[in-house]
Amino acid sequence: MSTDKKEREPMFSAKNVKLLTSPLNLNNPITVQVLGICSALAVTAKLKPAIVMTLSVMIVTGVSNFVVSLLRNGIPPRIRIIVQLVVVATLVILVDQLLKAFLFDVSKQLSVFVGLIITNCIIMGRLEAFAMSNKPWPAFLDGIGNGLGYGLILITVAFFRELFGSGTLFDIQIVPQSLYNMGYVNNGLMILPPMALITVGVIIWVQRYYNRSLIEK
Amino acid sequence: MHEIFNIFIKSIFVDNMIFAYFLGMCSYLAVSKTVDTSVGLGAAVIFVLGITVPINYLLNEYILKPGAMVWLDAQFASVDLSFLSFIIFIAVIAAMVQLVEMVVEKFSPSLYSSLGIFLPLIAVNCAILGGSLFMQERDYQTLGQATAFGLGSGVGWFLAIVAIAAIREKIRYSNVPPALRGIGITFILTGLMGIAFMSFLGIKL
C-alpha cells in the first residue's frame, strides 16, 4: 500500500484530537448533522437509561467504524450497505446480550431501542462519510467522538427532563421536600415524549445563538 | 376482525411512529421540505412496512421464538434463537427493499421514477426496523393483526410527514428567529403536533 511510505503520525496528533472534539459542538451529530434522532429522544425521560444508551452507541460507532475501515478496500461498492449492516447488527447483538446479562432493568426500559441502534443514522452516516475513506485509527476516533457528541445532547435532555419532570436525578430526590410542602408540583408534561423534541429544539436554538455560522438561510 | 381494525386505528393515531416513538426521524426531518417528495417517501414507507412486518412475523413465529421450531421436530422445543432476531430482521428488510425496488422498476416505471430514489433510503429507516421489533415485543396473535399493525404504522408515518411538510412550506413566509430557522423550529413544531396527537390517547373501538 502506498500509505506505508508516509511517516507515521502520532496517535493523538492535532488532527486526530480534532476528530474527537469537533462532534461535541460545531459538528454535533444531533443538532448540526441531524442524525440519530430516532433513538435519541425516546430514552431521555431518565438519566440512567440515557447514559447506558450513550455508552452503547459510543461503543458501536467506534468499533463499527474501525472494522469497516479495516474492510474498506475489500468491500464491493454495490453491496456495501448490506456489509455495513451486518457488521453493525453483530455488534448490536453483542451489546444487547451484555445489557441483558448485567443491566437487566435498564435493558427492559430501553426495550426495542437497543435493537434500533442498528438503523441509527449516526452509525450509517459516519460509516459512509468517514470510515469508507479513512484509516482505522482516525475512523475509530471519529466514531467515539460522534458517540460522545450524541451522548452530550442525550444527557443534557435527560438531565432537564428528569429534574423538572420527576424532581430527581439518577432516581435520587433533588427538589427538597419543603418545596413540595409549599405547593411545588412536578411538571408531568416533561415526562411525555413531545417535550423531548421541544427540549432539543431549545438546545439547537441556544447553540445557534452562540455559533452564528450554523444559522440556516 | 374487530380486533384487527382496532389495532389498525390504534397504530395510526395513538401509537404513532413519529409522535409517540420518534422512529424514522432522520428521513422525516430530511425529506419534509416539500409536500410532493414527502408523499412519495410516505407511500414507500407504508408499502415496505406492510410487507416486512408480516414476513418478520412469520419468521419470528416459526423460527426465532423460544420453542418455535417445534413444528419441525419435538426435540427442538428448547431451542431459543431470539438473539438472532436483529440480524434476521434487518437482512429481511434490506432484501425486501431491494426486491421491491426491482419489481417496481420492472412493472411500473412511472411509480419507480416517483418512489425510486426513496426506496434505498428506507432500508436504514428506523421506522421499518422499529415496526418489526415492536411487533415482536407486543406479541401479536395472528398474521392479520401483525399486517394491520404494519400498515397502520405506515399510514401514521405518512400522515405525520405530509402534515409537517405542509407546515414547513407555509412557515417559510413567517418571521422565525434566525437561530431557530430550519431544523430548530421543525423540532418544536413536531413536539407541538405530538402534544396535539396525544388527545387521541385512550381511543378504543
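Local features need a pLDDT of at least 70 and side-chain atom pairs count only at pLDDT 80 or more, while totals for chains, interfaces and linings use all residues. Residues are numbered from 1 along each chain as its sequence is written, chains are lettered from A in the order in which they are written, and side-chain values use heavy atoms, with hydrogens and water left out.

**Exercise 1. Confidence in chain A**

Find which elements of chain A have the lowest and the highest mean pLDDT.

Solution. pLDDT is the predictor's confidence in each residue, from 0 to 100. Chain A averages 81, and 94% of the residues score at least 70. Where pLDDT is low, the predicted coordinates should not be read in detail.

**Exercise 2. The surroundings of A:Val52**

Determine whether A:Val52 is buried or exposed, and which residues it touches.

Solution. A:Val52 lies in helix 3 of chain A; helices are DSSP runs of H or I with at least four residues, numbered from the N terminus. Buried means under 20% relative accessible area, exposed over 50%, and partly exposed in between (1.4 Å probe, protein chains only). A:Val52 has 10% relative accessibility and therefore counts as buried. Leaving out residues up to four places away in sequence, A:Val52 touches A:Leu99, A:Leu103, A:Val106 and A:Leu110. A:Leu99 is 47 residues from A:Val52 along the chain, with 8.9 Å between their C-alpha atoms.

**Exercise 3. The span of two helices**

Compare the end-to-end span of helix 5 of chain B and of helix 10 of chain A with expectation.

Solution. The expected span is 1.5 Å times one less than the number of residues. Helix 10 (residues 193-210) of chain A has 18 residues and reaches 27 Å, close to the expected 26 Å.

**Exercise 4. Cover over helix 10 of chain A**

State what covers the buried residues of helix 10 of chain A.

Solution. The buried residues include A:Pro194, A:Leu197, A:Ile204 and A:Arg208. Their cover includes helix 2 (37-42) and helix 8 (136-166) of chain A, together with helix 3 (25-30) and helix 10 (183-197) of chain B.

Notes:
Contact = heavy atoms within 4.5 Å.
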